[in-house]
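Here are my notes on the model, as numbered points. Please read them with the structure open.

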Amino acid sequence: MVETVFSAPLDADLAVIGAGPVGTALAVLAAKAGLRTVLVDVRSESAAPAADTRSFAIVRGSWRLLGAAGVHGDLKGLTEPLNGLEAVDGGTHWFGAPWAAFSNDDLPEGDREALGELVPAGALQAALDRKAGETEGLVWKRGARFSGYEAGPSGARVHLESGESFRCAVIAACDGIHSAVRQAAGIGTEGRSYGKSVFAADVKLSRPHGGIARQLFTPEGPFATLPLPDNRANLAWYMKNGAAETLAKMPKEAIEAELNARFAEFAGPMTLDGPPLAYPLVMQIARDMTGPRAALLGDAARRINPLAGQGLNLGFKDAAALYDVILEAREVGLDPGSETVLARYREWRRFDSAATALFMDAVDRTFSNDNLLLKPLRTLALTAANKVGPIRQALARQASADQESLPSLMR
């Protein structure tokens, strides 16, 4: 990335690089707000949707943002209300496994809505894609790949691998953990590999789930079930590198036998309801959330442990914060890509980003073992969370992500 002086007018106010849920939602919202927006998407228009058996726990604030993007109608009947969360400490315990649970009943009187919605990943992306295709003011470049950019005092020139280029005021990097925009901006990362992978699949349950997300902490890592419609669940099983990938390639009957041998007592007998997948588990945090005329969002800014399903919600917070910052800059006549404006985005999102990543990492380190010294502390923490009303209420409020400090689209 090179400092360049430009004189030609801007082609767009905002360039969104990457068309996953965060990038597509931001592009739609920005265009609806009157910003000239370009969405750069590596997926070609003729490509079949990628298989994705994950489901996302979309908390209230993020669900409101998706409502503003106009996709609630497309998702009707495909989501499951999240009514509560339960955590059980597995491993060896003399007096039974400690556990904790809270639900929407722990929210303040008069506020008994669901904590959020469980949304299948494929359905969410399809709904956002449909909205992107019909949103005026949004230029959607399909089958296009970002190759670099140059920043100047009056804008940035974005280059695509096809040889095409265009000028914009600010770039939103929504292009994932291996972000090309982040690399072009010269922003490094820090993190570590967990030496684990996650096995994920949809299953049919034999017991009613009641809209409760359940998590069992075992010495090798968590096993979680997220509720889906028709008494189904999306499960995530943390395993050693290689084990999850091997299990995902096994025949359906062999996978079911392994799941039920290990977890039928916790979740009840399960049968697979779709193809499984496996992916490596890493933590990666960008050293800065902004560069010259560029802001990092979602996995480009951080990849965190998916223990509580907060990764996508953090990305939606990024999108909502950048949206507010850009629109406020426009209202007062400031350049939305200036260092002054992007510094506000950086300060707004940096602490939440790093704190959540480190907290999820600490929880994984604390619970994914059978350490005799840590067990009493875990038991105390879970017991307090389960027995002390104010703690349960605080956890329920945090889980719903319904705080006053949220960006405007999420409040």
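1. Burial first. Buried means under 20% relative accessible area, exposed means over 50%, and partly exposed lies in between, all with a 1.4 Å probe and protein chains only. By that cut-off Arg293 is buried, with a relative accessible area of 6%. Arg293 is not a glycine, yet its phi is positive, about 60°. The residue sits in the loop between β18 (290-291) and β19 (294-296). Helices (H or I, at least four residues) and strands (E, at least two) are DSSP runs, numbered from the N terminus.

2. Basis of these notes. This is a predicted model; local features need pLDDT of at least 70, side-chain atom pairs count only at pLDDT 80 or more, and totals for chains, interfaces and linings use all residues. Residues are numbered from 1 along each chain as its sequence is written, and side-chain values use heavy atoms, with hydrogens and water left out.

3. Overall make-up. The protein has 11 helices and 20 strands. It counts 411 residues, 54% of them buried. Contact means heavy atoms within 4.5 Å. Among contacts with a separation of 6 or more, 74% join residues 24 or more positions apart.

4. Is Asn231 buried or partly exposed? Asn231 is partly exposed, at a relative accessible area of 25%. For context, most residues other than glycine have a negative phi.

5. Helix α1. How far apart are the end C-alpha atoms of α1? They are 16 Å apart, which agrees with the 16 Å that its 12 residues should span at 1.5 Å a residue. The expected span is 1.5 Å times one less than the number of residues. Burial covers 11 of the 12 residues of α1. The buried set includes Gly23, Ala27 and Ala31. Gly34 follows α1, with a positive phi near 95°.

6. α1 against α4. Axes are lines fitted to C-alpha atoms, for helices over the stretch in contact, and angles run from 0 to 180 degrees between N-to-C directions. The axes of α1 (residues 21-32) and α4 (residues 121-134) come within 10 Å and cross at roughly 30°. The two helices are therefore roughly parallel; angles under 35 degrees count as roughly parallel, over 145 as roughly antiparallel, 65 to 115 as roughly perpendicular and the rest as oblique. Their crossing is left-handed, that is, the near helix is turned anticlockwise from the far one by less than a right angle, whereas clockwise gives right-handed. From α1, Pro21, Thr24, Ala25 and Val28 meet α4 residues including Leu124, Leu128 and Ala132.

7. α1 against α8. Here the axes come within 9 Å and cross at roughly 25°, with α8 covering residues 311-331. Again the pair is therefore roughly parallel. The crossing of α1 and α8 is right-handed. Among the residues in contact are Val22, Leu26 and Leu29 of α1 and Leu312, Phe316 and Tyr323 of α8.

8. Helix α7. Buried residues of α7 include Ile255, Leu259 and Phe263. Just after α7, Gly268 has a positive phi of about 85°.
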